[in-house]
Amino acid sequence: MKKLLLGDEAIAQGAIDAGLSGVYAYPGTPSTEITEYIQGSPIAKERDLHRLWCANEKTAMEAALGMSYMGKRALVCMKHVGLNVAADPFVNSAMTGVNGGVVVLAADDPSMHSSQDEQDSRFYGKFAMIPVFEPSSQQEAYDMMQMAFDYSEKVSLPVLMRVTTRMAHSRAVVEIKDQAREENELNYRSEAKNWVLLPANARRRNDIVTAQQKDLEQDAVDSSFNRYIDGKDKSLGIIASGIAFNYLNECYPEGCPFPVLKISQYPLPKELVRRMTAECDAVLIAEEGQPVIEEQVRGVMPGNSVIKGRLTGELPRTGELNPDLMKKALGMPVDENFASCEDVAPRPPALCQGCGHRDVYRSLNEVLAEYDNARVFGDIGCYTLGFLPPFNAIHSCVDMGASITMAKGAADAGQWPSVAVIGDSTFTHSGMSGLLDAVNSKSNILVIISDNLTTGMTGGQDSAGTNRFEAICRGLGVEEEHLHVVVPMPRNIPEIKEVIRKEIEYKGVSVIIPRRECIQTFQRHLKQKRAKEAKKS
């Protein structure tokens, strides 16, 4: 059977067909569509696979390990910066090992289309001593899922699968199986001496995992996903990983004249690299992201070898690769692109018309204009657009949940007013512990939890704490008289300003929750409601 699939969808279908029992994820571009595809899959619904969103990436990783402990196969999905949040259980998962297969999907975002940095998740795999798979096509992404789960169970380690934005969000025809593999049976083969990481157990496991690395590297040498493709012209050899191999093929549709080493499974297959070293005068290393392979190859190849790539300038040090950049690195002519049109006005992103965040920022700006040197600490979400005109309302945005703790730190330094603006989904992701710190310290801050009843930035997924934020804040110790819920609408701005002004003057922790449904999800829900009513009539 053939389907036209996004890379994300191919991964999701591959996981289902490999006998998946649960997907655990927090939405983050460019990984979101994997979980959404599984949520909509008829097989997933028929089998009742776990497919609800998690509060954050750390809880997702830990829940997947719990499923694996019982012998079932689990997929964990996140964007690259989400792997930072999941790093504690991810790195320790190599020490525990797995029972049922675990695949951790990290979707990297070179060129930072919707991210804070260009982090390369392959570093995490090397750091944690975990095998890494990196597909070069949508078909390979689908096929790799079966292999990844099988391999995870074979070596008793999780597998990290790394994709990038273009692989995740481009479509291709994929040949898929006619029937999905059955789920694993529940089993009790896991041993507590592996999963209880007391120092004595951890030291034993560390020796085992370290000793495994030679075998993992040999598996990479023998892998069907890694190929040494010979070429007649030995003046240059090309090492291409992941989607870079696709771009190389676009440069040479009739076949590359140089030897090519395709790498899609790690650890780095040094034996194949040394073969290229022996045969070729120079080597060009094409990889999407940071120079992970290039830095390792410099330690493998003799000192007189010529190595080209991102570190030497043949390929740019930052940003995405593309076929034109590959052509430049290979000394090939590049087709002219369309000329830019100077008459087209730029259209920077902006908060939607009718969005409740607009009323929050308008109210906040008008009140803070009454104070000298007020500071507003922002967070990750669509409300981060409050930094841009016409609001120019926030002064920081670092990582998920940082608004509250940064506002606390600024208040500790003597800043006043010190205001944190955080969204509903981000608050339950990683803002709650910061609020607890602030309450324990009796910090002089105002926290605004701008609740639009969804995870708006990634397309309207469910938010973990919907309709529970007041209870959460009370449980964390926020005083009832300094906990307010308001409705952000133009007609309510005078009331909202009065509440903001009052709570800025309070010398302690205050929380205001402006609550109104995201205009996008509201319109979607309205259409769905009308469609249901039309069917009934």
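Colleague: Is Leu 453 buried, partly exposed or exposed?

Modeller: Leu 453 is partly exposed, at a relative accessible area of 30%. Keep in mind that this is a predicted model.

Colleague: OK, on to peptide bonds. Which residues does a cis peptide bond join, Thr 29 and what?

Modeller: Thr 29 and Pro 30 are joined by a cis peptide bond, with omega about 15°. Pro 30 belongs to the loop between strand 2 and helix 2. There is also a cis bond between Tyr 266 and Pro 267, where omega is about 20°. Pro 267 lies in the loop between strand 11 and helix 13 (270–279).

Colleague: Strands 2 and 11 then. What is the strand order in the open sheet?

Modeller: The order is 2-3-4-6-5-11, six strands with mixed pairing. Strand 2 (22–25) and strand 11 (265–266) are at the edges; each has a single partner strand, so one side of each has no neighbour in the sheet.

Colleague: Do strands 2 and 3 run parallel or antiparallel?

Modeller: Strand 2 pairs with strand 3 (residues 74–79) in the parallel sense, over four bridges. Tyr 24 stands opposite Val 76 in strand 3. Helix 2 (residues 32–39) packs on the sheet, where it touches strand 2, strand 3 and strand 4 (102–108). The direction of helix 2 makes about 140° with that of strand 3.

Colleague: Nice. Changing topic: how many residues are in the largest nonpolar core?

Modeller: That core has 106 residues, and Ile 38, Leu 75, Phe 90 and Val 104 are among those with the most contacts inside it. Helix 8 (residues 138–155) gives the most to this core, with eight residues.

Colleague: Which residues is Phe 90 in contact with?

Modeller: Leaving aside neighbours within four places in sequence, the contacts of Phe 90 include Met 61, Leu 83, Val 104, Tyr 124 and Leu 160.

Colleague: And which residues does the second core include?

Modeller: The second core is separate and has 46 residues, including Tyr 383, Val 447, Ile 496 and Ile 504.

How values were computed:
Residues numbered from 1 in each chain as written. Predicted model: local features only at pLDDT ≥ 70, side-chain atom pairs only at ≥ 80, totals over all residues. Heavy atoms only, no water. Pairing = 2+ DSSP bridges. Helix = DSSP H or I, 4+ residues; strand = E, 2+ residues; numbered from the N terminus. Contact = heavy atoms within 4.5 Å. Axes fitted to C-alpha atoms, helices over the stretch in contact; angles between N-to-C directions. Core = buried A, V, L, I, M, F, W, Y, C linked by side-chain atoms within 4.5 Å. Buried < 20%, exposed > 50% of the residue type's maximum accessible area, 1.4 Å probe, protein only.
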